[in-house]
Amino acid sequence: MNAATQLDCAWDATTFEQKLREQGRAYHIYHPFNVMLNTGTASREQIQGWVANRFYYQIAIPRKDAAILANCPDREVRRKWVERILDHDGHGDDAGGIEAWLRLAEAVGLERDQVTGLNRLIPGVRFAVDAYVNFARQAPWQEAVCSSLTELFAPDIHRQRLASWPEHYPWIDQLGLQYFRSRMSLAQRDVNHGLAVTLDYFRTREQQQRALEVLKFKLDVLWAMNDAMAQHYGVQP
């Protein structure tokens, strides 16, 4: 088989999924700023700065998902995808992920108004998050779905925080860590759906390569957010 034929040959679903999962090597779990947070060397200011800046990402998630819904003509996909908005904005007796993040902010010593007012938002974080929301608005909805697959790697980062933060930062009220606990199961549900859509849509090798590019873009967004925070708050050795 010559090189051109190999390039035209699509990966089977198992191989394609493995290629997607391999992108986890660039996940921000490995960023020095995140490593610092999870190994117990971060200062109170650095933790508060991370929580305050990540809030902008949290409130952008429902807007990103609403953009996907607006572009998606598939009713069955919409019926499942809308759950993501409800998870973050809340519904019924469930206050939602944004409220859980605000409780985390209070647990690390921040006032709600400081966080919701975006007083500590770093320009680089704003730029990266806005780029992600704009991508979801403008890209084909299947690509926007694919970009969400950074959730493939999210359970590990939540697991790290739940295991290390109570030990390293006893001054943080553990009730404030509920956001991470809740995302352990919700992220897996979301992964199952997003992965199914991606494997079904990206069928040719060209499309599959594009899917890897899209996932890399989202990984770069998360990495850039950490770059901005590391530059602003520093990284402890």
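Modeller: Let's start with helix H2 (residues 13–22) and helix H11 (residues 178–201), which pack at an angle of about 125° with their axes 11 Å apart. Helices here are DSSP runs of H or I with at least four residues, strands are runs of E with at least two, and both are numbered from the N terminus. Axes are lines fitted to C-alpha atoms, for helices over the stretch in contact, and angles run from 0 to 180 degrees between N-to-C directions. Bear in mind that this is a predicted model, where local features need pLDDT of at least 70 and side-chain atom pairs count only at pLDDT 80 or more, while totals for chains, interfaces and linings use all residues. Residues are numbered from 1 along each chain as its sequence is written, and side-chain values use heavy atoms, with hydrogens and water left out.

Colleague: Why are H2 and H11 called oblique to each other?

Modeller: Under 35 degrees counts as roughly parallel, over 145 as roughly antiparallel, 65 to 115 as roughly perpendicular, and the rest as oblique. The angle of H2 with H11 is about 125°, so the pair is oblique.

Colleague: Which residues of H2 and H11 meet?

Modeller: Ala-13, Phe-16, Glu-17, Leu-20 and Arg-21 of H2 meet Leu-195, Thr-198 and Leu-199 of H11, where contact means heavy atoms within 4.5 Å. That gives 5 nonpolar, 1 polar and 2 charged residues. Nonpolar covers Ala, Val, Leu, Ile, Met, Phe, Trp, Tyr, Cys and Pro; charged covers Asp, Glu, Lys and Arg; the others, Gly among them, are polar.

Colleague: What makes H2 roughly parallel to H12?

Modeller: H2 and H12 pack at an angle of about 20°, with axes 10 Å apart, and that makes them roughly parallel. Phe-16, Lys-19 and Leu-20 of H2 touch Gln-208, Ala-211, Leu-212 and Leu-215 of H12. This crossing is right-handed.

Colleague: How do H4 and H8 lie to each other, and why?

Modeller: Their angle is about 10° and their axes are 8 Å apart, so H4 and H8 are roughly parallel. Among the residues of H4 in this contact are Tyr-56, Tyr-57 and Ala-60, and H8 brings Val-129 and Val-133, among others. By class, there are 10 nonpolar, 2 polar and 5 charged residues.

Colleague: What makes a space a cavity and not a pocket?

Modeller: On a 1 Å grid over the protein atoms alone, a cavity is a set of points where a 1.4 Å probe fits but cannot get out; a pocket is an open set with protein on both sides within 12 Å along at least five of seven lines, and lining residues have an atom within 4 Å of a point. The search finds 1 cavity of 30 Å³ or more, and the largest cavity holds about 280 Å³. Of its 24 lining residues, the closest to the centre are Arg-54, Tyr-57, Ile-61, Glu-151 and Ala-154. H4 gives the most to that lining, with 6 residues.

Colleague: And which residues are closest to the centre of the largest pocket?

Modeller: Asp-94, Gly-96, Gly-97, Ala-100 and Ser-182, out of 14 lining residues. The largest pocket has a volume of about 210 Å³, and H11 gives the most to its lining, with 5 residues. Its lining has 5 nonpolar, 5 polar and 4 charged residues.

Note on methods
Points joined across faces, edges and corners; volume = space filled by probe spheres on them. Left-handed = near helix turned anticlockwise from the far one by under 90°.
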